[in-house]
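Please look over this model with me. My notes follow as numbered points.

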Amino acid sequence: MTLKNCIIFFFCCFLANSTVAQKAWTLDECIDYAIAHNLELNDFKYTNNASKEAYKQSVRDLLPNLMGYSDYNIRYGRSINPNTNDIINTDFFSNNYSLSSSVAIFKGFQKVNTIKASKLLYKAAQEDVLQQKYMLAFRVMSAFYDIRFFEGLVTISEEQLLASQTSYDLVKRQVDIGLKAGADLYEAESVLLTDQLVVTQNKNSLEAAQLKLIQEMNLEGETSIQINNALDELTQVSTESQTLHQDSIFKTANAFIPLIKSETFRAEAAKKDVAIARGDLYPSLTLSSGYSTGYYETNVDDLGGIIPYKTQINDNISKFVGVSLNIPIFNRWSSRSNIKQNKIALNRATNNLNIKKQELYKLIQQLVQDKKAFVVESEQSTKKMKAQELTFSIAQKKYEKGMISAIELYQAKNLFATSQNENLQVKLQLKITEKTIDFYKGLPIFNIKK
């Protein structure tokens, strides 16, 4: 490879790396990546797979069992003849085969209720996986909007730094021509250095926010991340106050939130467990059948010769079919105690469900209240920011004419910057609150498949 080709090759590699590094992630892309690479989510998937297999096995338990048996025994010294039960001193061997099967005809509906309970637990495990996906999505969304916030702070602080730099340059020119004293330049420089520090601090906070998102996504090999449309979406935030009916939102959320559905399934499964425990009080009916044969070296004919193996296998065939009834009479009250324990578990599961519903209602209630508050704060902070911007603009003109000191200009600039920060923060809080309420309304704000 020539030197020219090497240069072209490395230049192309550099462009490729730059293209990858400059990828702008959307919120949906961040969430999809996080779900695909989250290790904690895998643990819930394994639990779900185990619950699925337990459900399948509970269905297979309805099938008859089939057991095969075979032995080969060599006896020495005094032993019992398996054919005649006589005690003999002859060394001999025997070979037996058997095949047996049984099926429960009635067992207090325990197997049917076990199937229903395991199916409910399997559904609960599925909802647990979906719940974890939603929780991860909310964490990623929070980290995503944190980046937007600190990107906004960096932009605001850089604008303030530019204003301070302009003021410093103006003072420096005035000092050079003797219109101002050197002390004025020191004040302007102090303000400039302070704003430089603020920019650095905000950039550090931005890097910390980026790291948090990277960690939530489990994005390996990256130390920084760029998100798409950092501040454009905030301009679309509606500040119009809308009537939100928390009871209606709760009713909708209560029907689809995975956490509620999971607890509902577990409460229903606990009810089936009570029915399973009651099954121990009923008689059980079992149908069984079997087939057996064997060969014994002590089995001889009238002439004293050992009967051939094949002949014995055919002649010693034994078959049986039977029905057994097992009636529980007294087992030290363990069955009734088990019923009581399962009733307590049912009460606990029902109480846990009611707790989750109560927490969900309180959360929605708080979100509705926050939405109303953030709408008002957004309107007021926007007005305040515009007023502070005008005040700062007037202060700049006064400073240029020498009517106010650098300290007074710095105070006006700080008030303007603070109002910008507050406006940005309340808009982000309003945006997140709106998205969260939309989620509980059942709107597809996350592209998550069940």
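1. Is Phe446 buried or exposed? Phe446 is buried, with a relative accessible area of 7%. Buried means under 20% relative accessible area, exposed over 50%, and partly exposed in between (1.4 Å probe, protein chains only).

2. A word on the source. This is a predicted model, where local features need pLDDT of at least 70, side-chain atom pairs count only at pLDDT 80 or more, and totals for chains, interfaces and linings use all residues. Residues are numbered from 1 along each chain as its sequence is written, and side-chain values use heavy atoms, without hydrogens and water.

3. Phe138 and Phe446 form an edge-to-face aromatic pair, 5.1 Å centre to centre with 90° between the planes. Rings of Phe, Tyr and Trp (its six-membered ring) pair if their centres lie within 6.5 Å; planes under 30 degrees apart are stacked, over 60 edge-to-face, the rest tilted. Phe138 lies in helix H4 (residues 110-176) and Phe446 in the segment after helix H10 (406-440), so the pair ties together parts 308 residues apart in sequence. Helices (H or I, at least four residues) and strands (E, at least two) are DSSP runs, numbered from the N terminus.

4. Phe256 and Phe439 also form an edge-to-face pair: 5.8 Å centre to centre, 70° between the planes. Phe256 is in helix H6 (residues 246-256) and Phe439 in helix H10, 183 residues apart. Both Phe256 and Phe439 are buried.

5. Ring pairs link Tyr134, Phe138, Phe256, Phe439, Tyr440 and Phe446 into a cluster.

6. Now Trp333. Trp333 lies in the loop between strand E8 (318-326) and H9. Trp333 is exposed, with a relative accessible area of 56%.
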